[in-house]
Amino acid sequence: MIAIGFDAPGGPAVLRPETLAVPVPGPGQVLVRVAYAGVNGPDLAQRRGHYPPPPGASPIPGLEIAGEVVAVGDAPDAAGSRAAWPGVGDRVCALVTGGGYAEYCLAEADHCLPVPAGLPLDQAAALPETLFTVWHNLFERGHVREGETILVHGGTSGIGTMAILLGKLFGVTVIVTCGSAAKCAAALRIGAAHAIDYRAQDFVEEVGRITGGRGVDLVLDMVSGDYVPRNLRCLAEDGRHVTIAVQGGMKAELNMAVVMTRRLTLTGSTLRPRSRTFKALLAQEILREVWPAVIAGELRPVIDRTFPLAEAAAAHAYVESGAHVGKVVLAA
């Protein structure tokens with residue numbers, strides 16, 4: 001099979017096609033003939049050498065795929081059962097720990113979601129990584145509820161657009177920040193209630209104005225660094241701050257007295273190194289709570305562009321340029 005690899009960390013140009021053996025599914029796994037794979041921030045970080053795959057994961061980039069199951073492994077133990085697994089010929093999308101940038105990819109059977117007839121495979125491939133991440137961090141870790149207001153940085157990123165879409169679906173008012181007036185307009189078209197151009201406006205002041213001085217119930221932060229104290233100023237009392245990336249730096253200086261007196265909660269997570277069991281339970285919850293909206297056509301990812309698998313380097317360069325709105329996918 002053709003896969004995308006690299007010999008040493010670096011810029012997009014280090015990515016190149018290579019020929020590898022097709023992997024064989026082990027206990028609890030399925031082999032998927034990949035139709036499309038999503039391109040995500042962690043893939044770029046891995047290529048730069050900042051986000052190595054966890055032990056046992058494929059060194060090939062790619063954390064989400066969609067395609068057709070072509071082989072299934074054994075049950076994970078003698079008491080296990082394949083009755084509820086995807087079968088050969090089934091269309092699935094899956095969250096994977098690596099290996100997505102290839103013509104074939106292994107997936108844990110219980111990390112797969114069925115692709116309904118009305119969902120094109122390119123859109124299916126653009127769902128798992130952002131959907132799992134946003135669902136867990138907003139609704140499980142952040143405890144967002146209907147009627148609340150949240151602030152999401154990077155409103156036209158894959159994560160940002162998914163946060164907007166889930167917010168609309170579950171009655172949450174979403175305020176986003178974007179890097180231009182054009183991107184703000186795009187975020188509003190997708191469904192954000194308000195979009196703040198952080199290059200032209202102070203987002204702390206704008207959040208205060210929009211919320212009448214109350215603040216937001218949650219901030220979903222991908223920047224960290226010196227954004228964190230500013231984010232805390234945007235929070236209402238008992239607000240929650242959830243960090244999922246550190247694009248602006250890993251360290252922040254905080255006034256912990258503010259955290260105490262305003263009863264703020266600071267948390268965060270990374271998804272890739274979490275256990276197989278955790279991801280399986282997360283997949284079950286998404287299948288129960290969100291997938292009916294996917295089946296009904298009420299939830300569709302925003303896709304900006306599709307690149308051929310062999311042009312993964314160009315796809316990474318495009319994502320790094322910041323010009324995209326929504327997701328970029330690779331066609332295998």
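Which residues are linked with Asp7 in a network of salt bridges? Asp7, Arg16 and Glu18 are linked in such a network, where a salt bridge is a side-chain nitrogen of Lys or Arg within 4 Å of a carboxyl oxygen of Asp or Glu.

The legends below describe a predicted model, in which local features need pLDDT of at least 70 and side-chain atom pairs count only at pLDDT 80 or more, while totals for chains, interfaces and linings use all residues. Residues are numbered from 1 along each chain as its sequence is written, and side-chain values use heavy atoms, with hydrogens and water left out.

View 1. A nonpolar core is a set of buried Ala, Val, Leu, Ile, Met, Phe, Trp, Tyr and Cys residues joined through side-chain atoms within 4.5 Å; buried means under 20% relative accessible area, exposed means over 50%, and partly exposed lies in between, with a 1.4 Å probe and protein chains only.

View 2. Helices (H or I, at least four residues) and strands (E, at least two) are DSSP runs, numbered from the N terminus. Because ten of its twelve residues are buried, α4 is largely enclosed by the rest of the structure. Among the buried residues of α4 are Gly158, Met162, Leu165 and Leu166. The buried residues of this helix pack against α3 (128–140), β8 (149–152), β9 (173–178), α5 (181–190), β11 (216–221) and β15 (327–331). Just after α4, Gly171 takes a positive phi of about 70 degrees.

**View 3. Salt bridges of Arg33 with Glu68 and of Glu320 with Arg47.** Side chains of opposite charge can pair when their charged atoms come close. The structure holds 16 salt bridges, and one of them joins the side chains of Arg33 and Glu68 at 3.9 Å, N to O. This pair links distant parts of the chain, since Arg33 is in strand β3 (residues 29–39) and Glu68 in strand β4 (residues 64–72), 35 residues apart. Arg33 counts as partly exposed at 38% relative accessibility, and Glu68 counts as partly exposed at 33%. The side chains of Glu320 and Arg47 meet in a salt bridge at 2.6 Å, N to O; Glu320 lies in helix α11 (residues 312–321) and Arg47 in helix α1 (residues 41–48), so the pair ties together parts that are 273 residues apart in sequence. Glu320 is partly exposed at 34% relative accessibility, whereas Arg47 is buried, with a relative accessible area of 1%.

**View 4. Arg263, Glu237 and Asp238.** The side chains of Arg263 and Glu237 meet in a salt bridge at 3.1 Å, N to O. Arg263 lies in the loop between α8 (256–261) and β13 (265–268) and Glu237 in strand β12 (residues 235–243), so the pair ties together parts that are 26 residues apart in sequence. Arg263 counts as partly exposed at 41% relative accessibility, and Glu237 is partly exposed, with a relative accessible area of 49%. The phi of Arg263 is near 55 degrees, a positive value in a residue other than glycine. Asp238, which lies in strand β12, has a positive phi of about 65 degrees although it is not a glycine.

**View 5. Cys234 in helix α7, residues 227–234.** At 1% relative accessibility, Cys234 counts as buried. Leaving aside its neighbours within four places in sequence, Cys234 is in contact with Leu151, Phe203, Val204, Val207, Gly215 and Val216. The C-alpha atoms of Cys234 and Thr211 are separated by 9.4 Å, and these two residues are 23 residues apart along the chain.

How values were computed
Contact means heavy atoms within 4.5 Å.
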